[in-house]
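Trainee: Can you go through this chain with me? I would like to start with the whole and then look at some parts.

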Amino acid sequence: MDTEAGLGALPHASGTGRPVPEAEPGVVERWRSGGGELVELLARVREEVGGVAAFRLGPAPTVLVTDPTAVQHVLARFPERYVKRSHRARLLIGDGVMAANGAAWKRQRRLLQGQFTGTGMRRYEQRITAAARTTAERWDGYARTGRVLDVGREMHRFALDAIWRSLTGHPLDEETERELAAVEAVAAAVPTLPADVADARDAVAADLARIDAVARRAIEAARSGVLGPDGPGLVHVLTDAATERPEYTDQLIRDELITLLAAGHETTATTLTWLYLLLDRHPAAREQALAAGAEGSPERRQAIQALIHETLRLYPSAWILPRHAAEDDALAGYSVEAGTDIVVCPYLTHRDPELWPDPEHFDPRRFTAPDGRPAHPGAYFPFGIGPRACLGLQFALRESTVLLEHLLPAHVPEFAATPTKADYGITVRPAGPTPATLAPPPA
């Protein structure tokens with residue numbers, strides 16, 4: 001978004017509804033003068049105007065959507081009216097499924113859908129468990145030696161290992177881990193890159209070259225029939241597709257591979273890091289989860305998943321979901337003109353006190369008590385809702401649950417320092433390192 005352009009009135013489509021109520025210009029001016037995060041502006045707009053609210057940051061109008069019914073309207077009921085124009089990370093993921101649109105998106109989504117549900121997910125269970133055991137063994141070593149670890153970095157190592165095993169059939173080795181650090185570097189840089197595509201690419205050219213080299217080696221290995229110890233992975237699914245579908249060029253296979261790699265580890269790692277920071281402030285929540293049932297029991301698993309869901313409520317994987325109105329529409333009784341930018345914000349919906357009592361408080365019981373959470377599907381959507389909801393929802397929940405089943409009973413990080421702020425980029429990340437030592441769990 002262009003944050004330097006002037007303010008103006010919101011145009012509206014005649015005959016379809018009332019004009020969307022607009023925030024006073026002073027709200028934006030105060031935000032600009034304070035140099036705050038975009039999320040602060042959006043929070044002020046919602047507080048001043050409501051769950052469907054207009055504001056201007058540039059020559060075109062923007063409508064903020066946080067009301068659950070309006071969220072469902074935009075994302076689930078009428079996704080053809082509210083489309084993605086260009087993914088912010090397109091420089092990294094190219095034409096992968098997250099950035100694709102139209103018929104291309106449908107074809108790519110259809111190919112991948114079965115890999116992340118039912119039988120497809122069972123195919124990756126052992127790989128996720130192996131990655132969790134590797135992390136647990138590493139944490140046992142930290143506990144014995146008293147070595148300082150960075151919890152955020154450890155969560156990234158685990159999530160990267162789990163998705164790399166699933167993509168290639170190979171465990172993550174140190175060299176590949178070093179090279180794939182470039183994925184995180186580019187993703188973190190995206191919000192601050194130049195608007196010009198060529199200039200942006202030049203700014204991260206070295207990291208993109210490293211990423212492309214890793215992808216090329218993985219694709220070549222799959223094509224040559226080389227299997228990892230865990231058998232074929234998702235890369236093999238993509239290379240097999242290329243034998244029958246000419247659209248699956250090496251470039252598209254690369255884009256899908258990097259899309260799955262980036263989306264499959266960054267969001268999970270960030271969620272697990274936030275969860276450990278929240279447990280540091282609310283240790284009773286850990287004890288309650290472990291006391292819910294014996295090791296491996298459905299009761300304990302449900303309680304651990306409640307920890308994950310409450311973390312995702314406070315820090316959703318996708319904190320902001322931009323859309324573009326492709327046609328005139330009536331949204332929650334308000335008129336929206338074709339060409340309007342739409343910003344759906346799970347972060348704010350999840351913190352709406354009318355939906356979530358005491359919304360800033362970390363309380364996993366919201367997801368175990370019978371009436372603990374709102375019933376409306378648009379009130380909780382950390383992975384989006386509708387046809388463009390995250391493909392990897394079940395994968396992310398499964399790997400997070402399995403890791404916590406291994407780590408929570410055995411280790412309690414004692415943080416030397418914790419970040420006091422968040423960075424609002426492609427994901428919401430803790431703004432700083434998370435150094436800790438591992439104490440024995442309470443008796």
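**Whole chain, then parts**

Mentor: Of the 443 residues of the chain, 53% count as buried. Keep in mind that this is a predicted model.

Trainee: How many helices and strands does the chain have?

Mentor: The secondary structure consists of 17 helices and 13 strands. The radius of gyration is 22 Å, close to the 22 Å from the globule rule for 443 residues, so the chain is as compact as a globular protein of that length.

Trainee: What box do the C-alpha atoms fill?

Mentor: Roughly 65 × 55 × 40 Å, taken along the principal axes.

Trainee: And the contacts: what share joins residues at least 24 apart?

Mentor: That share is 72%, counted among contacts between residues at least 6 apart in sequence.

Trainee: New topic, sheets. In what order do β1, β7 and β8 come?

Mentor: The order is β1-β8-β7, in an open sheet with mixed pairing. The edge strands are β1, residues 18–19, and β7, residues 329–331, each of which pairs on one side only.

Trainee: In which sense do β7 and β8 pair, parallel or antiparallel?

Mentor: Antiparallel, over three bridges, with β8 covering residues 334–336. Within that pairing, Ala330 stands opposite Ser335 in β8.

Trainee: Now a helix. Which residues of α12 are buried?

Mentor: Helix α12 runs over residues 234–242, and its buried residues are Leu234, Val235, His236, Leu238, Thr239 and Ala241.

Trainee: What do they pack against?

Mentor: Four helices: α5 (102–113), α8 (151–168), α11 (205–223) and α13 (250–281).

Trainee: Last one, Ala431. Where does it lie?

Mentor: Ala431 is in the loop between β12, residues 428–430, and β13, residues 435–439.

Trainee: Why does Ala431 count as partly exposed?

Mentor: Because its relative accessible area is 29%, while buried means under 20% and exposed means over 50%.

Trainee: Which residues is Ala431 in contact with, leaving aside neighbours within four places in sequence?

Mentor: Pro419, Lys421, Ala422 and Asp423. Pro419 is twelve residues from Ala431 along the chain, and their C-alpha atoms are separated by 5.6 Å.

Methods:
Residues are numbered from 1 along each chain as its sequence is written. This is a predicted model: local features need pLDDT of at least 70, side-chain atom pairs count only at pLDDT 80 or more; totals for chains, interfaces and linings use all residues. Side-chain values use heavy atoms; hydrogens and water are left out. Helices (H or I, at least four residues) and strands (E, at least two) are DSSP runs, numbered from the N terminus. The radius of gyration is taken over C-alpha atoms; the globule rule is 2.2 Å times the number of residues to the power 0.38. Buried means under 20% relative accessible area, exposed over 50%, partly exposed in between (1.4 Å probe, protein chains only). Contact means heavy atoms within 4.5 Å. Two strands pair if DSSP finds at least two bridges between them.
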